[in-house]
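Welcome! Please take a moment with the sequence and the 3D view below, and then we can walk through some features together.

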Amino acid sequence: MTGLWAVGSNPEVASPDAPEPFLRIPPQAQIILATNNAHKVQEVLAILRPLIPALREDGLVASQALSIPDVKEDGTSFSENALIKARAVARATTLPVLADDSGLTVDILGGAPGIFSARWCGHHGDDAANLDLLLAQLSDVRPQDRGAAFVCAAALVLPDGTSTITQGIMGGSLATQAAGHLGFGYDPIFIPTGSTRTTAQLRPEEKNAISHRGKAFAELAPAIAAALGHGG
C-alpha cells in the first residue's frame, strides 16, 4: 500500500482493559464520520463545508474506510445510538469523531419506525424493502392522516471523551407512492411541509437547507470547528 498513513489510538476514551488499537488513518483525515454509508458522507460534507471553511473536501473520512467493526446500536433513542457509534469509533482513533442516528417517525404508527427505520423490513440496510413495507402498511391511510417527520441526532466525541449532541427535525407527510431518484432511505415518499415534492426530488442543496440532518449538523458545526482548532 502506497502513501503515508498515521497510527492512531485513543487511551483517553478506551477502556483501560481494552487492547491498544492500531488503525491506518489517511493522512488527509481531519475528522472521522462513524458510518458505512457513502451517501451520508457526501451529505454531511456538503452540510459542513460551507459552515467550516477549515474542513477540507477530503478531510471527512468514513469509519468504514478504517476497517472499524460495526457496533451494536442498542440504544433506545436516536441520541443514545449516535453517541454509541461515535464513542465506539473514538476508542480507536486520536481524531474527533462524528456520528448520527436518524429515522422516520410516522404519526399514525405512534412514532414508528423510529430507531428501527433502517431495519423496518426485518434486516438492516434494505432501503427498497423498508419503503415498500411502510407503503403497504399505510395503503388505507387517508392523506390527511399521513403526517410524519424525519429526526436526526448528531454527536461529536473528542479524543479526551468530551461529547456534544444536537438534534434536528423535518416535518412533513408521506406520499402514496415513491417519486424521485435523489437521496436515499425513505426520501422517495417523504414530502416536507410546504413542499409538493419528495425529498428524493429535491436538489442536494435544497434538501440540506431544510433537512433534519442539515439542522442537526449545522447546530453542531461550531463545536466541530473548535475541535479542528478554528472555533469562533
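What volume does the second largest pocket have? The answer is about 250 Å³. Before going on, note that this is a predicted model, in which local features need pLDDT of at least 70, side-chain atom pairs count only at pLDDT 80 or more, and totals for chains, interfaces and linings use all residues. Residues are numbered from 1 along each chain as its sequence is written, and side-chain values use heavy atoms, with hydrogens and water left out.

A pocket here is an open set of points on a 1 Å grid over the protein atoms alone, where a 1.4 Å probe fits, with protein on both sides within 12 Å along at least five of seven lines; lining residues have an atom within 4 Å of a point. Grid points are joined across faces, edges and corners, and a volume is the space filled by probe spheres set on the points.

| Largest | about 1,000 Å³ | 14 nonpolar, 15 polar and 13 charged residues |

The largest pocket is lined by 42 residues, and K40, E73, K85, A118 and H124 are the closest to its centre. Strand β5 gives the most to this lining, with five residues. Helices and strands are DSSP runs (H or I, at least four residues, for helices; E, at least two, for strands), numbered from the N terminus.

In the second largest pocket, 13 residues form the lining, and H39, E43, G183, P204 and K207 lie nearest the centre. Here α1 gives the most, with four residues.

Now for the backbone: the peptide bond from A112 to P113 is cis, with omega near 0 degrees. P113 is found in the loop between β5 (97-106) and α3 (127-137). In general, most peptide bonds are trans.

Finally, F150 and F190 form a tilted aromatic pair, 4.6 Å centre to centre with 45 degrees between the planes. Rings of Phe, Tyr and Trp (its six-membered ring) pair if their centres lie within 6.5 Å; planes under 30 degrees apart are stacked, over 60 edge-to-face, and the rest tilted. F150 sits in strand β6 and F190 in strand β8, 40 residues apart. F150 is buried, at 5% relative accessible area, and F190 is buried too, at 0%; buried means under 20% (1.4 Å probe, protein chains only).

Technical notes:
Buried < 20%, exposed > 50% of the residue type's maximum accessible area, 1.4 Å probe, protein only. Nonpolar A, V, L, I, M, F, W, Y, C, P; charged D, E, K, R; others polar.
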